[in-house]
Structure formats: structure tokens, C-alpha cells
Amino acid sequence: MKKTYHIQYNIGNAKYVVRFHDGVKTHHDGSQFFDIHLFKNKKRMGNFITFLAEQGYVEQGYGVKP
């Protein structure tokens, strides 16, 4: 599996949410396990996205299989 991330906006009190999968972690049923980071600041979120891109992550939207 490849490393992927997805950005979501305005979920509860979180202004920016980045969900990311490292290509390794899975649930007991074999489905992907996504970690999340919450941001209140767009600049910090952008820095984190840049960091993920440097690590080889690619953006992926909903409904698209990896």
C-alpha cells in the first residue's frame, strides 16, 4: 500500500484535519488505519502537508481506492 493523506475542514471544533495512512498500519479486519492531526492554523497545516510530501505521502480524496 502507498502512503496517503486527506484534508478535511471544520469537523467539530477542529478547523483543519489531516488524516494520513503510512501504508503499514491496519485494523484487525485488515482495513487501513488512519492517524490524524488537528490544526487551528492554516500555516501549520501547510507545513505538515509539506513534511508529509517530503516523506512520500500523496493526497487522496474520498471514494478513490489506493
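## Packing of helix α1

The buried residues of α1 pack against β1 (4-11), β2 (14-21) and β3 (35-39), where contact means heavy atoms within 4.5 Å, and where helices (H or I, at least four residues) and strands (E, at least two) are DSSP runs numbered from the N terminus. This is a predicted model, in which local features need pLDDT of at least 70 and side-chain atom pairs count only at pLDDT 80 or more, while totals for chains, interfaces and linings use all residues. Residues are numbered from 1 along each chain as its sequence is written, and side-chain values use heavy atoms, with hydrogens and water left out.

Met45, Phe48, Ile49 and Leu52 are buried in α1, the term standing for under 20% relative accessible area, with exposed for over 50% and partly exposed for values in between (1.4 Å probe, protein chains only). These four cover an arc of only 100 degrees around the axis, which puts them on the same side of α1; the arc is that of the directions from the helix axis to the C-beta atoms. An α-helix has 3.6 residues a turn, so residues three or four places apart point the same way. Lys43, Arg44 and Glu54, on the other side of α1, are exposed.

## Length and ends of the helix

Helix α1 comprises 13 residues (42-54), which at 1.5 Å a residue should span 18 Å, in agreement with the 18 Å between its end C-alpha atoms; the expected span is 1.5 Å times one less than the number of residues.

At the N-terminal end, asparagine 41 caps α1 through a side-chain oxygen that lies 2.7 Å from the backbone nitrogen of lysine 43. Just after α1, glycine 56 takes a positive phi of about 100 degrees.

## Aromatic rings

The whole structure holds 5 aromatic pairs, defined for rings of Phe, Tyr and Trp (its six-membered ring) by centres within 6.5 Å, with planes under 30 degrees apart counted as stacked, over 60 as edge-to-face and the rest as tilted. Phenylalanine 39 and phenylalanine 48 form a tilted pair, 5.6 Å centre to centre with 45 degrees between the planes, and both residues are buried. Ring pairs link Phe20, Phe39, Phe48, Phe51 and Tyr57 into a cluster.

Histidine 6 lies in strand β1 and is buried, with a relative accessible area of 13%. Isoleucine 11 is also found in strand β1, but is partly exposed, with a relative accessible area of 41%.

Key. A polar contact is a pair of N or O atoms within 3.5 Å; within protein, one must be able to donate a hydrogen and the other to accept it, and residues adjacent in sequence count only if both atoms are side-chain atoms.
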